[in-house]
Amino acid sequence: MAWSILTILVIVVLFVIYIWKVSDNIKPPFVAGQPLPQRSTLDSTTYTFHNNWIRKNEFGLYEMYTSGAPFERGMINGVLSKELIVGQEEIFVQQIKKMIPDPGYLKFLRYIVGFMNRNLPDHIPEEYKEEIYGISLSASDSFGWVGNKYARLMNYHAAHDIGHALQNMMLVGCTSFGAWDSKTSNGSMIVGRNFDFWMGDAFAENKIVSFVQPAQGHRFAFITWGGFIGVVSGINDKGLTVTINAAKSDIPFGAATPVSIVARDVLQYAANIQEAISIAHRHKMFVSESFLVASAADHSAVIIEKTPDTLAVYRPGKDNIECTNHYQSGLFKEQRANKDQMENSASVYRYQRLQELMQQKYPLTVNKAAAILRDYKGKNGRDIGIGNEKAINQFIAHHSVIFMPDSLQMWVSTSPWQLGTYVCYDLRKVFNINNLSSATTVASNYLNIMPDSFLYTETYRQFLSFRNAKMQWIDHSHNVDVSQWIPNNQNYYEAYSLTGDYWMERSDYQKASEAYQKALSLEIATNWERAAIEKKRDNAIQKLQKH
């Protein structure tokens, strides 16, 4: 018996040592030594290096243009956006610390993630490794405990995948759609999407609209943040667009290609749908994902549905397409994980609301597309509470974007969420800018979409009061004003669920059970949340009976 216990202990110790050894084994690629570029300053928010540039526009978006070979453009990206890279990592790490406040567990998690991603570089094309390495030279020196600069930036590209796989936390419950021919006002293609990825409000503050002219492949534009070269929403100069939507996944236990890198590869190298499918086929992925790909060359759109093992293509057979967070192809529709997602998540409800809104607004224009992306109501226009995951606009979007592939135009949302101005960019204009000056206007502002009038309503003011109190609760503030929840968002189940939690902490089980019961009578986003609230209600009732 003693020998058995000793053997087990030895195995455990050896395993821990192995994890520790391999968790930080991501080494930079070998590249020929080049001096770090030195940027020039045009004004307080505009920097240039040769014909590369970054500037902050009047609407709060950073606009950046980079060009050249992989390592070179990575270094240029890093030097131009250094403050954004450092700031974004600080925000990301602080948010992780909020989610996992225990320093010991956080350090343990670092080794686990490092172990899971130990072979990550093997699944990322050499070009992108060199680009990430070039950017990493400008990363912060403050987070050595997470890993070396290159390893950190490499691992952050897999954070999207790990985040939505761990209990499918729905940090990425996105919505996208497309229409063309009879479904648009002039027959041109229109693609819209909300990227509902939330890692704290600060994470979405400094969005970058990045324009890239690589040494190989197509020129392209995408919406991103400091230090991130993966694509979640983008368009290239062939009029091909890519947006990604999370699907139900199992927890990954080994490295593969991050979803955003697959989308980047498609955007940089595909000129049409068939080329996009071929590129997606080549990559093995961590998790399950939908790629809505629209192509001016094909004048059509499809959804590439990909799991870690298989790929299917959903072709709508009509001149419109919709995508939320479940699969639609014949191959995957009856899959166990997909059926679970359809039955228990908010995806099907949101899909049906999207179809309803599109039907109401045909033929689409970019302004009508923006109205769809901003819609916060439930099916048939019901008030289901502002912020409900079943709505198209969940008030958590990192960004929202509208593409017109035929004319190479895109409209990018500005804060708050997708309610501010949508700024228009014409790729042909942007890629023809030479030697940016202080007087150069990058955007085509005369085509901008105006802010949503909802911003000026009492309902919006009430929602902000509700949300501020909610965020105080999440941050464990001692000054939470519980009276701001229910009165300011009366039809939102979470207002009552939060109130129930508040009274449970204060051992007022009567008020807690009543609040939970009211929450259960409203439109709850997922069956998983319903079950959790039912459990809390039953617990409150049991405690009330004991007292």
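Figure 1. A residue is called buried here when its relative accessible area is under 20%. By that cut-off, β9 (residues 233-236) in this predicted model is covered on both faces: S233 and I235 are buried on one side, and G234 and N236 are buried on the other. Strand β8 (residues 220-224) pairs with β9 in the antiparallel sense, through 3 bridges. Look for A221, whose bridge partner in β9 is I235. Strand β10 (residues 240-246) also runs antiparallel to β9, again with 3 bridges joining the two. Here S233 stands opposite T243 of β10. The hairpin formed by β9 and β10 has 3 residues between the strands, and G239 in the turn has a positive phi of about 75°.

**Figure 2. An open sheet of 6 strands.** Follow the strands in the order β14-β5-β6-β15-β16-β17; their pairing is antiparallel. The edges are held by β14 (320-323) and β17 (423-426); each has a single partner strand, so one side of each has no neighbour in the sheet. On average, neighbouring strands of this sheet are turned by 10° against each other, direction ignored. Further in, β6 (residues 190-195) and β15 (residues 399-404) run antiparallel and are joined by 5 bridges. A handy landmark on this pair is V191, which stands opposite F403 in β15.

Figure 3. Helix α11 (residues 347-361) lies across β5 (175-179) and β14, running at about 150° to β14. Now turn to the loop between β5 and β6, where you will find N186. With a relative accessible area of 54%, N186 is exposed. The C-alpha atoms of N186 and T365 are separated by 8.4 Å, although these residues are 179 residues apart along the chain.

Figure 4. As a reminder, nonpolar side chains tend to be buried together in soluble globular proteins. The largest nonpolar core of this model has 60 residues, and V242, F291, V293 and I304 have the most contacts inside it. Helix α8 (residues 259-269) gives the most to this core, with 6 residues. Apart from it lies another core, of 32 residues, including W53, I235, L292 and F403. Back at I304, leaving out residues up to four places away in sequence, the residues touched are A276, I277, A280, E289, S290, F291, V293, L311 and A312.

Figure 5. The whole structure holds 30 aromatic pairs. One of them is F197 with F203: their ring centres are 5.9 Å apart and their planes meet at 65°, so the pair is edge-to-face. Both partners are buried, F197 at 7% relative accessibility and F203 with a relative accessible area of 4%. A further pair, W473 and Y502, is tilted, with 6.1 Å from centre to centre and 50° between the planes. W473 belongs to helix α14 (residues 458-474) and Y502 to helix α15, so this pair ties together parts that are 29 residues apart in sequence. W473 is buried, with a relative accessible area of 17%, and Y502 is buried at 12%. Elsewhere in this view, Y376, F395, W417, F454, Y460, F463, F466, Y492 and Y493 form one aromatic cluster.

Figure 6. T499 lies in helix α15 (residues 493-505). At 7% relative accessibility, T499 counts as buried. Setting aside neighbours within four places in sequence, T499 is in contact with V482, W485, I486 and A515. Two lysines complete the view. K511 lies over the face of W503, 4.3 Å from the ring centre. The charged end of K518 sits over the ring of Y496, at 6.0 Å from the centre of that ring.

Methods: Residues numbered from 1 in each chain as written. Predicted model: local features only at pLDDT ≥ 70, side-chain atom pairs only at ≥ 80, totals over all residues. Heavy atoms only, no water. Buried < 20%, exposed > 50% of the residue type's maximum accessible area, 1.4 Å probe, protein only. Helix = DSSP H or I, 4+ residues; strand = E, 2+ residues; numbered from the N terminus. Pairing = 2+ DSSP bridges. Contact = heavy atoms within 4.5 Å. Core = buried A, V, L, I, M, F, W, Y, C linked by side-chain atoms within 4.5 Å. Phe/Tyr/Trp six-rings, centres within 6.5 Å; stacked < 30°, edge-to-face > 60°. Lys NZ or Arg CZ within 6 Å of the ring centre and 35° of its normal. Axes fitted to C-alpha atoms, helices over the stretch in contact; angles between N-to-C directions.
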